[in-house]
Amino acid sequence: MRNVLTSCLVAASLLVGGCGLRPLYANGSKGAVATVLADVDVAAIEGHSGWLVRNALRDRLQATQGGRGAGKRLRLDVRLEDSITGFGVRADDAVTRERRTLRARYQLVDAATGEVLLDATAAQDAGIDVVGSEYATIAAESSALERLASGVADQIVTRLAVFANRGGGQTPATTPAPTP
């Protein structure tokens, strides 16, 4: 039984190795993804939710920038739409449940030419229980916004990493030669 299991594991590893999968952050700080992410500066984003998203983005990008601060070659412009919708209504028309949605439309722009390299969206939503205490409801809405900002930032950085991994946003000197 052990031999069969070992054989299956070896066969599976050969199949995975042959399918073209490779690590997104291959070559660490010298890789294409880290190089592009290190060149990104996050422009100011309007409002409290914008402040939260910008800080979350900068926290995630800071690791690739090696403490040098934001790069200047690429700029990330983000526009947010934050909404709270009540649903779950009792017989006395009181809302018992809310959904907070944070949507981001973002563009990765070449700072020198103004060319838009990537134009995409990210969105997250969270459910909020509306309770008798107004303070508790406001605290829940605020906590939900913090989680949503973090989730949207994760989506944006992941999309930027995939874009960079596919050769986007690289300077001609850093673009790797195609593999045969």
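Because the model is predicted, local features need pLDDT of at least 70 and side-chain atom pairs count only at pLDDT 80 or more, while totals for chains, interfaces and linings use all residues. Residues are numbered from 1 along each chain as its sequence is written, and side-chain values use heavy atoms, with hydrogens and water left out.

The protein chain holds 4 helices and 4 strands. Helices (H or I, at least four residues) and strands (E, at least two) are DSSP runs, numbered from the N terminus. Along the sequence, the pattern reads α-α-β-α-β-β-β-α.

The 4 strands form an open sheet with mixed pairing, in the order β1-β2-β3-β4. Two strands pair if DSSP finds at least two bridges between them. Strands β1 (40-42) and β4 (116-129) stand at the edges. Each has a single partner strand, so one side of each is left without a neighbour in the sheet. From one strand to the next, the twist averages 25 degrees. Strands of a sheet pair through backbone hydrogen bonds, either parallel or antiparallel. Here, β3 (residues 95-110) pairs with β4 in the antiparallel sense, over 13 bridges. In this pairing, L102 stands opposite Q124 in β4.

Two helices pack on the sheet. Helix α3 (residues 47-62) touches β1, β2 (74-89) and β3. Contact means heavy atoms within 4.5 Å. The direction of α3 makes about 130 degrees with that of β2. Helix α4 (residues 134-165) touches β2, β3 and β4, and its direction makes about 150 degrees with that of β4. Axes are lines fitted to C-alpha atoms, for helices over the stretch in contact, and angles run from 0 to 180 degrees between N-to-C directions.

Of the 180 residues in the protein chain, 32% are buried (under 20% relative accessible area, with a 1.4 Å probe and protein chains only). The largest nonpolar core has 35 residues. Such a core is a set of buried Ala, Val, Leu, Ile, Met, Phe, Trp, Tyr and Cys residues joined through side-chain atoms within 4.5 Å. L57, L76, Y106, L108 and I156 touch the most other members. Two or more residues each come from α2 (32-38), β1, α3, β2, β3, β4 and α4. Helix α4 gives the largest share, 12 residues. Leaving aside residues up to four places away in sequence, L57 touches V42, L76, V78, A153, I156 and V157.

Note on methods
Buried means under 20% relative accessible area, exposed over 50%, partly exposed in between (1.4 Å probe, protein chains only).
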